[in-house]
Amino acid sequence: MDFSRGLSRAVVSAVLAFAGASAVLLETSAASGASVKLNRSGIVRKAPLRSDPLSRFWINRSECLSRDVISFPMVLADYAGSELEVWVGEGTGDCTSREARTTISATCWRVFRGVPSGNVITVDIQVQDIAAKKKPPEHDLSIGSAEDCTSSTTAGQSITLYFMLIASLDNQAGESWVTSLDLLGPNAPAGLSIGAGSTMLRATWTSNNDTDVASYGLFCDPPPGFVADADSTFGPGPRVEAGSSTTSTCPDASVSADAGLDDAEAPDASDDATCTADASGGSGGTGSTVTACGITALARDVVPDPDFVKKYQCATGIAKASTNSIISGLTNWQPTNVAMSAVDAAGNAGPLSDVACGLPRPVNGFDEVYRLAGGTGGDGFCSIHYPGARKGHSLLAAALLAIAVLVRRRRTKTTAT
């Protein structure tokens, strides 16, 4: 009955009730052409998108803390008399039923509701509200805070957003959108040790086998580029005069050669034992550790937030399969605390490892001594070259050697006969 669209809902309800029809039929009939069509290619977020297409819209801890927003453009049809609501469910949970949204056992939470202002609209959703998971009947809307940006599991949780036209508590039409909520990075790597070189340190560690590890990041206190002088110090760490080894609190380890590191010294387990000593209360994420390099903000189990990452990160994007990395751009004779974390596909940096201490310094390893003596790769890995010898002389020597070999073979053959 087309005339019903021009009547008030109360009049139409009375007419249909008189005719023996139910109120549910009213909503179904009135919304028979209702629809919500997301413009999926137009979905954007305030935070930069990750390069991996799979995780571009995943929600991580730093995005939650910064109150990131995802904007959803859409086109509505036949929405008169309905509210647009956005509900969120976990895993395979379905938010289209009234029971999942309104009962004491509600499994979904609402992050937006409003009367559409037109058929082409954009809805902004705060990711912090998604992470809050505040469900009915205690909460009408899930309003999040920084305290909601935590999780007890390192695994990401699949979530679905339901964009629905709701009338009289029932879903009239809608569309869903799937993403992942991942608020905790992988477990801390183990076995971190440090080797030294000129303006560099080499970190080695035991591979983290957690399934959600995507890469590793290293943190330094002080970070690369810091140069101590008489007028400045860095945070709580000790001030060390540049170019002086006498003020170092880290032991000067014996040199061990490692040609693959140029002049960088390979890690020495005995040095790490001396240079890694947590203070009382230094573990468990208290944010303070004492090592042979002094007091540092790097501490076991501290979870790096965006400000921490910006201040202390000294290497990032290290491949998952790696068990070592070079930290360059450091200051010689400046004791440097180092810790690391594993990073998941959503970009979460996991809790920090134990803290190790290193001292960048010139090292006369085998490779450097060889090069200082004039050694080069030459014509081969084991080639021998006499400085100043001309190429013609080398060819003559080779020819004479060949003739000598032939003469010796002939003499040997004659004697045997």
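Predicted model: local features only at pLDDT ≥ 70, side-chain atom pairs only at ≥ 80, totals over all residues.
A salt bridge here is a side-chain nitrogen of Lys or Arg within 4 Å of a carboxyl oxygen of Asp or Glu.

Arg 45 has another partner. It also bridges to Glu 63, at 2.9 Å between the closest N and O atoms. Glu 63 sits in helix α3 (residues 61-65), 18 residues from Arg 45. Buried means under 20% relative accessible area. Arg 45 has 9%, so it counts as buried. Glu 63 is buried at 6%, and Asp 68 is buried at 0%.

Arg 300 and Asp 301 form a salt bridge as well, at 3.3 Å from N to O. Here the setting is partly exposed: Arg 300 has a relative accessible area of 23%, and Asp 301 has 34%. Elsewhere, shared partners join Glu 83, Glu 85, Arg 110, Arg 113 and Asp 140 into one network. The count of salt bridges comes to 13.

The largest nonpolar core has 31 residues. Phe 72, Met 74, Leu 84, Ile 130, Leu 161, Phe 163 and Trp 177 have the most contacts inside it. Elements supplying at least two residues each include β3 (69-77), β4 (83-90), α5 (127-132), β7 (157-167) and β8 (170-181). A second, separate core has 19 residues, among them Cys 220, Ile 318, Ile 327 and Ala 356.

Take Leu 84 as a guide. Beyond its neighbours within four places in sequence, Leu 84 contacts residues including Val 36, Met 74, Phe 112, Ile 121 and Leu 165. Arg 113 is also in contact with Leu 84, and Arg 113 belongs to the salt-bridge network.

How values were computed:
Residues numbered from 1 in each chain as written. Heavy atoms only, no water. Core = buried A, V, L, I, M, F, W, Y, C linked by side-chain atoms within 4.5 Å. Buried < 20%, exposed > 50% of the residue type's maximum accessible area, 1.4 Å probe, protein only. Helix = DSSP H or I, 4+ residues; strand = E, 2+ residues; numbered from the N terminus. Contact = heavy atoms within 4.5 Å.
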